[in-house]
Amino acid sequence: MNTHPVYIIGGQRTPFVKSFTSFKNDSTQDLMTYALKALVEKYHLQGKQLGDSAFGALINSSVHWGLARESVLGSGLSPYTPACFIQRACGTGLEATLHIANKITLGQIEWGAAGGVDTNSDVPLSLSDHLRNTVINFNLKNLLSLRPRDFKPLAPAIKEPRTGLSMGEHCEKMVKEWKISRLDQDSLALLSHQNATKAYTEGFYTDLIFPVRDIVKDGIVRADTSLEKLALLKTAFDHSSAGTLTAGNSSPFSDGASAVLLANEARCQKESLTPLARFVDAEVAAIDYVGGDGLLMAPTIAVSRLLERQKLTLQDFDYYEIHEAFAGQVLCTLRAWESDAYAKKFLHRDRALGPIDRSKMNVKGGSLALGHPFAATGGRIVAALAKLLSQEKPGKRGLISICTAGGMGIAAILESV
């Protein structure tokens, strides 16, 4: 079967804001539709029929079971554009992009859209088992058996079901294992805010973010933060003297949505679309976090496999987009790539992948500063990296690495055209 190059045409996203603030009255469905509609408007896709589309969310309710398809129907695209729902936790946006890219590569479709959304402000609440069974099997005897505690709504917990620990608690274990200091974590968080602030000053995000009502920029970037201010924050997960993760060096609960447009060369010519970058390849991986592996370390394996298949080294990149779920998680990943022992045990390599040039990492800010609406982060990164690469000569590369809940990771390579 002949394969076809896949191009990133561009992306659009909402501003990312702290949960329970500016988007508190917008549903998951609303935000995803906003993002896709903005993509349609930017690239003049009104009435156009895409080959397929894929969108997802980590937190979604049964009310929005048709999230992907309903977003298409509300976007201005032709109603003959299909859509599917995809979920790989925090890697959902990138996984959706990979799904569409693979279809284009195989010649099944010529173009498509991908993305994701999450909003803790629209978190679904469940009934207790007793109350739900009573409502479904209604009778007086069951009704009289209800107690006040049965009426307490159940919100989804951001915890790993098999360990009962939150992602932050797992990351605390990781930074202790890798001996990552609080100062190093705060320093990375500060750099994220500084890079994001500079990017805004330069106007980098002007054509990547569309306004939602009067909200025109991310609400989390702090131009005035400092190491001194970050050092004053209390620890968030381990409250003992050994704790190092804080609200300042952990990505905040955020609301937002993103969408990207992909196409093959023929469709680019037909629609007069100018590609920003080429989607080269991607890889997913998982680790045994229940058995003791670090919950957020799977991207180290995904990247290693990706490099091996593409016959590249970790140093063969001009940009690195490493998702900042926690500053500590990023630093653990970098240190693992520099470890011979880790390479032999987990990557099945004789020696470490080696260090990267950190001046090339998250140069326009990362999730610590910009925010992290779980499923929307992949689309944000793909669109921003594609724009960065569009400013370079052909052949420049960018590496994406995203950790996810469940002990998984996803990585991808983009290249300038």
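Colleague: By class, how many nonpolar, polar and charged residues does the lining of the second largest cavity have?
Modeller: This is a predicted model. The second largest cavity has a volume of about 30 Å³. L188, L191, S192, N195, E324, M361 and N362 line the second largest cavity. By class, that lining has 3 nonpolar, 3 polar and 1 charged residues.

Colleague: What volume does the largest cavity have?
Modeller: The count comes to 2 cavities of 30 Å³ or more. Residues lining the largest cavity include Y205, L208, S258 and R380. The volume of the largest cavity is about 50 Å³.

Colleague: Which element gives the largest share of the lining of the largest cavity?
Modeller: The lining is made up of G11, Q12, R13, Y205, L208, S258, A259, G379, R380, A383 and A384. Elements giving two or more residues to it are β1 (6-13), β6 (254-263) and α14 (377-390). The largest share, 4 residues, comes from α14.

Colleague: How do the residues of the lining of the largest cavity divide by class?
Modeller: Gly counts as polar and Arg as charged. G11 and R13 are among the lining residues. The lining divides into 5 nonpolar, 4 polar and 2 charged.

Colleague: Which residues lie nearest the centre of the largest pocket?
Modeller: The largest pocket has a volume of about 970 Å³. Elements giving two or more residues to its lining are α6 (167-178) and α8 (227-231). By class, the lining has 23 nonpolar, 12 polar and 5 charged residues. Of the 40 lining residues, those nearest the centre are S251, P252, F253, F326 and F374.

Colleague: Which element gives the largest share of the lining of the second largest pocket?
Modeller: The second largest pocket has a volume of about 190 Å³. I180, D184, S187, L188, L191, L331, L334, R335, E338, R358 and M361 line it. Elements giving two or more residues to this lining are α7 (182-202) and α11. The largest share, 4 residues, comes from α7.

Colleague: How many charged residues does the lining of the second largest pocket have?
Modeller: D184, R335, E338 and R358 are among the lining residues. Asp, Glu and Arg count as charged. By class, the lining has 6 nonpolar and 1 polar residues, and the charged number 4.

Colleague: Which residues of α11 does α10 meet?
Modeller: α10 passes α11 in a right-handed crossing. By class, the contact has 4 nonpolar, 2 polar and no charged residues. From α10 come P299, T300 and V303, and they meet, in α11, T333, A336 and W337.

Colleague: Is the crossing of α6 past α11 left-handed or right-handed?
Modeller: α6 and α11 pack at an angle of about 40°, with axes 9 Å apart. That angle makes α6 oblique to α11. α6 passes α11 in a crossing that is left-handed.

Colleague: Which residues of α11 make the contact with α6?
Modeller: By class, the contact of α6 with α11 has 6 nonpolar, 2 polar and 1 charged residues. On the α6 side are C171, M174, V175 and W178. On the α11 side are G328, Q329, C332, R335 and A336.

Notes:
Residues are numbered from 1 along each chain as its sequence is written. This is a predicted model: local features need pLDDT of at least 70, side-chain atom pairs count only at pLDDT 80 or more; totals for chains, interfaces and linings use all residues. Side-chain values use heavy atoms; hydrogens and water are left out. A crossing is left-handed if the near helix is turned anticlockwise from the far one by less than a right angle, and right-handed if clockwise. Contact means heavy atoms within 4.5 Å. On a 1 Å grid over the protein atoms alone, a cavity is a set of points where a 1.4 Å probe fits but cannot get out, and a pocket is an open set with protein on both sides within 12 Å along at least five of seven lines; lining residues have an atom within 4 Å of a point. Grid points are joined across faces, edges and corners, and a volume is the space filled by probe spheres set on the points. Axes are lines fitted to C-alpha atoms, for helices over the stretch in contact, and angles run from 0 to 180 degrees between N-to-C directions. Angles under 35 degrees count as roughly parallel, over 145 as roughly antiparallel, 65 to 115 as roughly perpendicular and the rest as oblique.
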